[in-house]
Amino acid sequence: MISNNIVVLKTSILDNIQEIDKQIDSLIIENPLFGLVSMKHIKCGKKNCKCAQGEKFYHGPYYYLRLEPDYKYRKYLGKKIPGSIQDRLEVGNKIKELEKKKRKFTDSLRGLEGI
Ligand SMILES: [Zn+2]
């Protein structure tokens with residue numbers, strides 16, 4: 001009986017994993033970006049510019065896209081975050097969440113296989 005229950009459990013976990021994979025596949029098509037947007041205020045360097053008076057007068061904010069894995073890559077986005085970038089980052093976040101969920105299922109499956 002116990003082994004039967006385990007089979008049922010395994011099957012339902014596998015179904016969940018399959019469902020997650022399907023969702024990830026459909027999100028991948030939307031050209032996801034994995035990273036974040038950071039912003040910065042800058043000093044232009046001109047002596048007579050207001051920004052020379054201190055941080056309070058710096059220009060900006062200017063937005064930059066930083067990509068995983070180390071976020072070192074920076075792409076200048078300008079004064080506004082383009083909607084398309086925002087959308088693609090959101091898709092990337094959704095995929096990361098799904099992958100996290102999938103890892104949990106995979107771990108519990110491994111746990112069951114140890115029984
Ligand atoms: Zn300036």
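Does Tyr 76 count as buried or exposed, and how many C-beta neighbours does Tyr 76 have inside 10 Å? Tyr 76 counts as exposed because it has 9 C-beta neighbours inside 10 Å.

Before going on, a word about what you're looking at. This is a predicted model, in which local features need pLDDT of at least 70 and side-chain atom pairs count only at pLDDT 80 or more, while totals for chains, interfaces and linings use all residues. Residues are numbered from 1 along each chain as its sequence is written.

Let's take in the whole chain. The protein chain has two helices and three strands, and from the N terminus on they run α-β-β-β-α. Helices (H or I, at least four residues) and strands (E, at least two) are DSSP runs, numbered from the N terminus. Along its principal axes, the C-alpha trace spans about 85 × 25 × 20 Å. The radius of gyration is 23 Å, whereas a compact globule of 115 residues would have one near 13 Å; that radius is taken over C-alpha atoms, and the globule rule is 2.2 Å times the number of residues to the power 0.38. Of the 115 residues, 4% count as buried.

Now back to Tyr 76, which sits in strand 3 (residues 74-78). Not counting residues up to four places away in sequence, Tyr 76 touches Tyr 62 and Tyr 64, where contact means C-beta atoms, placed from the backbone, within 7 Å. Strand 3 pairs with strand 2 in the antiparallel sense, over four bridges; strands pair if DSSP finds at least two bridges between them. As part of this pairing, Tyr 63 has Gly 78 in strand 3 as its bridge partner.

Most residues other than glycine have a negative phi, and most peptide bonds are trans. The hairpin has six residues between the strands, and Tyr 71 there takes a positive phi near 65°. Tyr 71 counts as partly exposed, because it has 14 C-beta neighbours inside 10 Å. In the loop between strand 2 and strand 3 you'll also find Pro 69, and a cis peptide bond joins Glu 68 to it, with omega about 10°. Another cis bond runs from Gly 60 to Pro 61, with omega near 5°; Pro 61 belongs to strand 2 (residues 59-67).

Asn 31 is no glycine either, yet it has a positive phi of about 60°. Look for Asn 31 in the loop between helix 1 (2-28) and strand 1 (35-42). It counts as exposed, because it has 11 C-beta neighbours inside 10 Å.

Finally, what about the helices? Lys 102 is in helix 2 (residues 83-113). Leaving aside neighbours within four places in sequence, Lys 102 is in contact with Ile 17 and Ile 20. The C-alpha atoms of Lys 102 and Asp 21 are separated by 8.2 Å, though the two residues are 81 residues apart along the chain. Lys 102 is partly exposed because 18 other C-beta atoms lie within 10 Å. Across the protein chain, residues 24 or more positions apart account for 57% of the contacts with a separation of 6 or more.

Notes:
A residue is buried if 20 or more other C-beta atoms lie within 10 Å of its own, exposed if 12 or fewer, and partly exposed in between; C-beta atoms are placed from the backbone. Two residues are in contact if their C-beta atoms, placed from the backbone, lie within 7 Å.
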